[in-house]
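This report is written for a reader who has the sequence and the coordinates at hand. Please keep both in view while reading.

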Amino acid sequence: MPRDCRENQKSYTGVYHVILRSINQQEIFYDNTDRRKFLKCLKETKEKYHYDLYAYVLMHNHVHLVIMDKEDKLSKAIQSLAISYALYFNKKYNRIGHVFYNRFKSKYVENLPYLLNIIRYIHFNPEKAGMCKYSKFCWSSYHEYSQFSRLIETEKVLKMAEMSKKDFENFHVEYERIKGYEKEEFEIENVKVSDEQAIEKIKELLHIENIVSIQNEKVDKRDKIIAEIISKMKIEKRQLATKGEKYGKFCTLTYPQ
């Protein structure tokens, strides 16, 4: 099956949730030296390709990242990261062959609520996997937000969210209380609904006959409507805007730089 061209799958904001998975679900971190090496590779590619890093977690056989791709070099950056770590891993463990799948998974992050929730979801991955409590896990960006940052642009995210570090911690406590990490809405493998299905779902959700009427609302109300659509349906903001005048140009979201 031919691969989709990643050049045609760009985020409006430049922010992506990326998953880098191992071949055959094999372990990619056997000890903390391996994890430290991966973070070193991450730091090096971050400096080389000038991307911002908003979150990460190192699991047994995969890695989650949230990246602001400022120079449209996401594919090159992730490829470089994978190759750098694979060279180290193969040499250390006297093996040959791929460590990661050649094709990484990515998903657009097109609004601030989704950004905050995907960061939180990533931080809860170790707890979801039964490894340990999220706040006790050493190999995620959670402690960079709650304490001090090394790799993560924490100040940018907290400023966008108008959050303090304490607010950020409470944001996670609230998530834990409702066991929100059991939801699957942030999984990259989710199947997207078709445009026609999306239109019918939006009309049903908002109790309207014509979704183009949304663009006649004031900006604040329109943005709230869009946030509600995205939060309650498996549909991305890009899909809302794709059909232009036919479906209504709802709004354009941008992140502060």
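## Overall fold

The model is predicted. Its secondary structure consists of 10 helices and four strands, arranged along the sequence in the pattern β-α-β-β-α-β-α-α-α-α-α-α-α-α. Of the 257 residues in the protein, 49% are buried. Among contacts between residues at least 6 apart in sequence, 72% join residues at least 24 apart.

## The strands

Strand 3 (residues 62–68) is largely enclosed by the rest of the structure, because seven of its seven residues are buried. In a regular strand the side chains alternate between the two faces of the sheet. In strand 3, His62, His64, Val66 and Met68 point one way, Val63, Leu65 and Ile67 point the other way, and all of them are buried.

Strand 3 has pairing partners in strand 1 and strand 2. Strand 1 runs antiparallel to strand 3 and is joined to it by seven bridges; within this pairing, Val66 of strand 3 is the bridge partner of His17. Strand 2 (residues 52–58) also pairs with strand 3 in the antiparallel sense, over six bridges, and here Asp52 stands opposite Met68. Strand 2 and strand 3 form a hairpin, with three residues between them.

## Helix 6

Which residues of helix 6 are buried? In this helix (residues 154–161) they are Thr154, Val157, Leu158, Met160 and Ala161. Seen down the axis of helix 6, the buried residues fall within an arc of 160 degrees, so they line one face of the helix. An α-helix has 3.6 residues a turn, so residues three or four places apart point the same way. The exposed residues Glu155 and Lys159 are carried on the face of helix 6 that is turned away from the buried side. Just after helix 6, Glu162 takes a positive phi of about 55 degrees.

## Aromatic residues

The whole structure contains 14 aromatic pairs. A pair of aromatic rings is described by the distance of the centres and the angle of the planes. Two of the pairs are set out here.

| Pair | Centre distance | Plane angle | Arrangement |
|---|---|---|---|
| Tyr16 and Tyr108 | 6.4 Å | 55 degrees | tilted |
| Tyr134 and Tyr142 | 5.3 Å | 85 degrees | edge-to-face |

Tyr16 belongs to strand 1 (residues 15–21) and Tyr108 to strand 4 (residues 105–108), so their pair ties together parts that are 92 residues apart in sequence. Tyr16 and Tyr108 are both buried. Tyr134 and Tyr142 are buried as well.

Tyr16 can also be viewed in relation to Leu115. The C-alpha atoms of Leu115 and Tyr16 are 9.1 Å apart in space, although the two residues are 99 residues apart in sequence. Leu115 is located in helix 3 (residues 112–123) and, with a relative accessibility of 0%, counts as buried.

Elsewhere, ring pairs link Phe29, Tyr30, Phe38, Tyr85, Tyr88, Phe89, Tyr93 and Phe100 into a cluster. An aromatic ring also meets a charge: the charged end of Arg120 sits over the ring of Phe171, at 3.7 Å from the ring centre.

## Cysteines

A disulfide is a covalent bond between the sulfur atoms of two cysteines. How many disulfides does the structure contain? A search of the whole structure finds zero. Cys132 is in no disulfide, and the nearest cysteine sulfur, that of Cys138, is 7.4 Å away. This separation of the sulfurs of Cys138 and Cys132 is too far for a bond, given that a disulfide requires sulfur atoms within 2.5 Å. Cys132 counts as partly exposed, at 27% relative accessibility, whereas Cys138 is exposed, with a relative accessible area of 58%.

## Backbone details in two loops

His50 has a positive phi of about 55 degrees although it is not a glycine. This residue is found in the loop between helix 1 (32–49) and strand 2. His50 counts as partly exposed, with a relative accessibility of 38%.

Asp72, likewise not a glycine, has a positive phi of about 55 degrees. Its place is in the loop between strand 3 and helix 2 (74–92). With a relative accessibility of 44%, Asp72 counts as partly exposed.

Methods:
Residues numbered from 1 in each chain as written. Predicted model: local features only at pLDDT ≥ 70, side-chain atom pairs only at ≥ 80, totals over all residues. Heavy atoms only, no water. Phe/Tyr/Trp six-rings, centres within 6.5 Å; stacked < 30°, edge-to-face > 60°. Buried < 20%, exposed > 50% of the residue type's maximum accessible area, 1.4 Å probe, protein only. Lys NZ or Arg CZ within 6 Å of the ring centre and 35° of its normal. Arc of directions from axis to C-beta. Pairing = 2+ DSSP bridges. Contact = heavy atoms within 4.5 Å.
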